[in-house]
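Please report on the structure shown below.

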Amino acid sequence: MSAAQAASAPALAIPARPRRRAGVWIAIAVVAAITVITCLPAIGVGLDIAPIVANWRNGATKIVELLTPDWSFFPRTVAPMIETLQMAVLGTVVGAAISLPLSFWAARPTNPHRAFRGAVRTLLNVIRAVPELVYAAVLVAMVGVGALPGIIALAIFNIGIIVKLVSESIDAQDAGAIEAGRAAGGTQAQINRAIALADAWPAFVSQTLYVFELNVRASTVLGLVGAGGIGLLIDAVRTFYRYDQLSLIILEVLVVVVVIDLVSDAIRRRLV
Amino acid sequence: MTDPIIAQGTGAAAPVPWGIRLDGVTVRYPNGTVGLRDVDLDIAAGEMVCIVGLSGSGKSTLIRTINGLVPVTAGTVSVGGQRVDAARGARLRQLRGQIGMVFQSFNLAGRTTVLNNVLVGRLTHTPYWRTLVGAYRHADRQIAFEALDRVGILSKVWDRASALSGGQQQRVAIARALAQQPRIVLADEPVASLDPPTAHGVMGDLRRINADLGITVLVNIHLLDLARQYGARIIGMRAGEVVFDGPAAGATDADFEHIYGRSLTGDDRLDR
């Protein structure tokens with residue numbers, strides 16, 4: 001009975017499924033072709049995996065050394081690690097302080113002047129395009145070896161990230177309260193402070209914590225170009241092939257980064 | 001109708017209400033939509049006017065030309081004898097400071113306190129440095145407290161605005177408008193997001209502002225029973241033109257059918 005009913009039910013008019021198979025295959029073929037061309041010795045990078053086979057024993061001893069950290073090296077790592085954290089804190093504070101007004105100037109609801117906004121955004125795109133290691137290398141040449149060029153490099157790097165993310169969150173906010181401020185006769189600067197800041201605050205704090213995490217990680221490598229912190233020590237032990245000591249430093253960085261992740265996650269959860 | 005000498009006077013405690021005059025006002029939006037079509041309107045100081053019409057009829061545009069949130073394409077708008085359409089910058093902000101506005105979606109900064117939201121109404125009387133550091137004058141805070149008391153919500157002064165119910169939020173928004181010590185209050189669909197009992201409460205507040213303080217009040221509303229009950233004068237809008245203008249007492253169902261351009265349904269009334 002029920003089968004008969006199902007059979008007698010009117011057939012659904014399902015539209016024909018659009019065919020896009022060909023496009024997908026073409027895309028896959030293009031990616032594969034580019035990959036193969038890149039590996040060709042004549043025009044590409046000349047990828048050759050033979051050294052991995054020839055030198056595997058060499059690599060194996062390094063891995064064994066990395067797996068046996070030199071714990072006695074710990075006391076010498078404490079001061080550089082603290083310097084790394086200090087650089088991260090100072091870089092974050094300076095970067096965040098400069099980022100706050102820039103974030104308002106880069107967002108549409110808080111800066112209606114198109115040309116001004118465009119100039120701020122262009123400047124920030126330029127800042128973001130340069131990696132922090134390059135800033136550090138140039139700043140070491142400008143202000144000398146030490147923590148200072150590292151802190152300045154981190155601050156510049158942070159401005160690029162914070163302003164980008166906070167201004168996007170301001171752009172996405174409901175503009176109603178800002179319209180109310182305009183209707184009440186406030187200047188844009190007053191409206192930004194009295195209204196927009198309250199709504200942007202969680203995004204700002206959250207992104208500041210995020211760049212602090214990035215800074216701890218980034219400041220470990222800034223030392224490689226002479227910009228202070230534990231990176232200087234990494235460079236030294238690497239030069240002497242002390243992979244057991246390098247291993248200890250990597251472990252310490254890992255512990256510090258995990259602890260900071262946990263703490264900032266806990267803080268972020270309380271931001272509602 | 002408006003006596004310019006009285007209108008220019010700067011009353012101390014209770015500001016003298018302003019009249020509103022539109023002459024041949026046309027608003028064409030950048031996308032080509034015509035919001036208003038050659039509108040002439042004269043509203044006397046101290047009137048309580050309900051503007052009715054379907055959504056898209058131009059009532060929202062009309063109310064926004066009065067405080068310059070929407071620029072006019074042609075014609076002149078003046079409040080208290082002073083041109084709004086020709087005013088720019090500080091002059092326009094000064095005029096807006098005299099005109100309170102209430103919105104359909106309340107337009108509060110949800111993440112900050114009720115008091116901070118009401119203090120937005122004091123922005124034109126506050127120098128930027130005071131806004132920046134949040135140091136509002138004692139007198140301005142007092143005005144904010146009194147405005148909250150007038151709408152019966154002073155007990156919520158330290159609450160976060162987003163923690164309040166819709167009706168409470170709209171009362172905060174009315175208090176923000178009152179804190180401006182305005183000569184005109186504009187309300188754009190103030191009860192469209194509220195349930196019926198709350199809607200009557202908010203409309204009652206607006207009527208009291210008109211009756212007790214003598215402030216000119218314009219309310220956009222699409223519910224004809226509320227318009228009849230709370231307005232002294234009704235202006236009907238259709239397709240950007242004024243199609244009805246007369247005392248609320250004399251507005252018949254036939255008049256509303258003419259405004260809406262169709263027969264009335266249950267949705268046109270709040271209380272069925």
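Is B:D38 buried, partly exposed or exposed? B:D38 counts as partly exposed, because it has 15 C-beta neighbours inside 10 Å. The scale is simple: a residue is buried with 20 or more other C-beta atoms within 10 Å of its own, exposed with 12 or fewer, and partly exposed in between, with C-beta atoms placed from the backbone.

## Basis of the model

This is a predicted model, in which local features need pLDDT of at least 70, side-chain atom pairs count only at pLDDT 80 or more, and totals for chains, interfaces and linings use all residues. Residues are numbered from 1 along each chain as its sequence is written, while chains are lettered from A and ligands numbered from 1 in the order in which they are written.

Helices (H or I, at least four residues) and strands (E, at least two) are DSSP runs, numbered from the N terminus.

## Positive phi angles

B:D38 lies in strand β2 (residues 34-43) of chain B. Its phi is near 50°, a positive value in a residue other than glycine.

A:Y241 is not a glycine either, yet its phi is positive, about 55°. A:Y241 sits in the loop between α11 (230-239) and α12 (243-269) of chain A. A:Y241 counts as exposed because it has 11 C-beta neighbours inside 10 Å.

## The sheet of chain B

Six strands of chain B form an open sheet with mixed pairing, in the order β6-β7-β8-β3-β9-β10. The edges are β6 (99-102) and β10 (241-247) of chain B; each has a single partner strand, so one side of each is left without a neighbour in the sheet. From one strand to the next, the twist averages 15°. Strands pair if DSSP finds at least two bridges between them. Axes are lines fitted to C-alpha atoms, for helices over the stretch in contact, and angles run from 0 to 180 degrees between N-to-C directions.

Strand β3 (residues 48-52) of chain B has parallel partners. Five bridges link β3(B) to β8(B), and B:C50 stands opposite B:V219 there. Four bridges join β3(B) to strand β9 (residues 233-238) of chain B. In that pair, B:V49 stands opposite B:R233. Helix α10 (residues 253-260) of chain B packs on the sheet and touches β3, β9 and β10 of chain B; its direction makes about 165° with that of β10(B).

Strand β8 (residues 216-221) of chain B is mostly covered, with six of its six residues buried. One face carries B:T216, B:L218 and B:N220, and the other B:V217, B:V219 and B:I221. Strand β7 (residues 184-188) of chain B runs parallel to β8(B), joined by five bridges. Here B:V185 stands opposite B:V217. With helix α8 (residues 196-213) of chain B, these strands make a right-handed β-α-β unit. Right-handed means that, with the strands pointing away from the viewer, the path from the first strand over the helix to the second runs clockwise.

Helix α2 (residues 59-66) of chain B is also mostly covered: eight of its eight residues are buried. Among them are B:K59 and B:R64. After α2(B) comes B:G68, with a positive phi near 75°.

## The contact between the chains

Chain A brings 19 residues to the contact and chain B brings 23 residues. Residues are in contact if their C-beta atoms, placed from the backbone, lie within 7 Å. On the side of chain A that touches chain B, α9 (176-183) and α10 (188-222) of chain A each supply at least two residues. There α10(A) gives the most, with eight residues.

Technical notes
Contact = placed C-beta atoms within 7 Å.
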